[in-house]
Amino acid sequence: MRRRVTPVRAGAAAAALVLGGAGVLLGAAAGTAQAAEVSYATHCVPPAGVADPVDGTTKVEITAPATAKVGDTVDVTWKFVQAASKNPDIIDLPADTVQPSGTLKAAGAQSADVAMQGPRKNPAIPKGGDMVLSDMTGTLKLTSPGEVTLTPDAYTVNAFGTNTVCTPSGSVPKAATIEVTGSGSTGSASPTDTTSASASPSTSPSGPASPSDSASASASASDGTGSGQTDFTGKEVDIPYACKTPIGDKSATSPVQINAKKDGGGFALTVQFKKSVMDSPVDIPADSVKPSMEVVLGGADKGTVHVEGPTNSAAIKAGAPIEIPDLTGTYKPGASGTSTLSPGVLTVQALGTTTTCTPTKTEVSLTLDTTQQASGASGGTSTSGGSSSSSSGGLAETGDSSHGALKALGLVAGTAILLGGAVFTFMPGRRTR
């Protein structure tokens, strides 16, 4: 049986601080709670490509009972007074997106690694700001009489599915001592462990989607002057993308389909990621995610056509699935003849950041018979669907150079996407039209 003991101020000889209101759970025979602050040199390694490793000082306060009996299970609390590293100068971290976990070393009368973990609870942290981490808790079952010391060890800071790992780079002073009375041994010295110290939210993707049977449908079409056809269905093509991200360069493949509808001398285009839906692990505000693409022209015509989708109209709860909306725009031919349309650069704007993913190779999704129109796209860019960068006929530029390293991770058809303040996972599944 365990009971709640209200922490009280430790004596001067213990040089301990009081962790008021922490609600530390102690064994039935446990003594007064103690809270002591220690500092130790720490080496922190951010995700690859985000920032250089950091050497800093970690200050923590460990709260544990001063006395207990063999067989007691005691709860301990790890409070971060100061984390060793700051938030890199990349993106602002929204509230409740950071979660710490770590290990507390028990030594002396018994040895054990106490798994510690805190909730994903934090205030908004600006770029370059101090990391504010929640209190971590863990439990330890006391198995042998004598003095048991508690010493903080490595810890991990998880944000958006990425981990910054901080390990001691020098000696670490013990932070608390429990005098364990009684006799004999209760067996295992392992703590009661419901979480792993190195655990982080799962980002395991599902496998890539395969093209649908409709991908074999004919993509050729007339310009409407002969057969009178007005709707043209492209084939679904798998496009490999390369994305520069805060956690390093990433590559992924997405099935994309381009369809067209005759509209006067031009064509209304619709680009579909129709086998992909997204699950968000964090809350996303309404009107905060907007995708766009540069469709690449080939054959008789040259340049790109800008297509874009609407922003999310409603807030998206963590864990709720969302779909990539259809991307639409207008193609005004700049040349007469047979013109091809292929998926190009994909851009996603979210929470003040921009992600740009460039195809490593492209494939024709739709072929159209076109008739040159005034101010058409040949040799340049058709902007009817919205603003776009100019192109000389190849792939469009990968984004404004002022963005520097991309602030978001794009994940297509089975990998994870970090869009500023949200991680999405594309899951295979046909969209309902």
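Glu363 is partly exposed, with a relative accessible area of 35%. On this scale, buried means under 20% relative accessible area, exposed means over 50%, and partly exposed is in between (1.4 Å probe, protein chains only). Lys235 is partly exposed too, at 29%. Glu363 forms a salt bridge with Lys235, and their closest N and O atoms are 3.5 Å apart. To count as a salt bridge, a side-chain nitrogen of Lys or Arg has to be within 4 Å of a carboxyl oxygen of Asp or Glu.

Glu363 sits in the loop between strand E24 (353–359) and strand E25 (366–370), while Lys235 sits in the loop between strand E13 (231–233) and strand E14 (237–243), so the pair ties together parts that are 128 residues apart in sequence. Strands (E, at least two residues) and helices (H or I, at least four) are DSSP runs, numbered from the N terminus.

Residues are numbered from 1 along each chain as its sequence is written, and side-chain values use heavy atoms, with hydrogens and water left out.

The protein averages a pLDDT (the predictor's confidence in each residue, from 0 to 100) of 72, and 63% of the residues score at least 70. Over residues 1–29 the pLDDT is below 50, and this stretch has 60 contacts in the model beyond near neighbours in sequence. Residues 188–226 are also below 50, with 88 contacts counted that way. Contact here means heavy atoms within 4.5 Å. Where pLDDT is low, the predicted coordinates should not be read in detail.

Asp130 is in the loop between strand E8 (112–117) and strand E9 (136–141), and Lys86 is in the loop between strand E6 (73–82) and strand E7 (98–108), 44 residues apart. At 51% relative accessibility, Asp130 counts as exposed.

Asp96 and Lys121 also meet in a salt bridge, at 3.8 Å from N to O. Asp96 lies in the loop between E6 and E7 and Lys121 in the loop between E8 and E9, so this pair ties together parts that are 25 residues apart in sequence. Asp96 is partly exposed at 34%, and Lys121 is exposed at 53%.

Asp301 is in the loop between strand E18 (289–299) and strand E19 (303–308). Asp301 is buried yet has no salt bridge; the nearest side chain of opposite charge, Lys302, is 8.3 Å away. For charge, Lys and Arg count as positive and Asp and Glu as negative; His and the chain ends are not counted. Leaving out residues up to four places away in sequence, Asp301 touches Tyr331, Pro333, Gly334, Ala335, Ser339, Ala377 and Ser378.

A search of the whole structure turns up one disulfide, meaning a pair of cysteine sulfur atoms within 2.5 Å. The disulfide joins Cys44 to Cys166, S to S 2.1 Å. The link spans distant parts of the chain, with Cys44 in strand E3 (residues 33–45) and Cys166 in strand E11 (residues 162–168), 122 residues apart. The link is right-handed, with 115 degrees about the S-S bond. Both Cys44 and Cys166 are buried.

Pro168 lies in strand E11 as well, and is partly exposed at 24%. Leaving aside neighbours within four places in sequence, Pro168 is in contact with Tyr40, Ala41, Thr42, Asp153 and Ala154.

Notes
Predicted model: local features only at pLDDT ≥ 70, side-chain atom pairs only at ≥ 80, totals over all residues.
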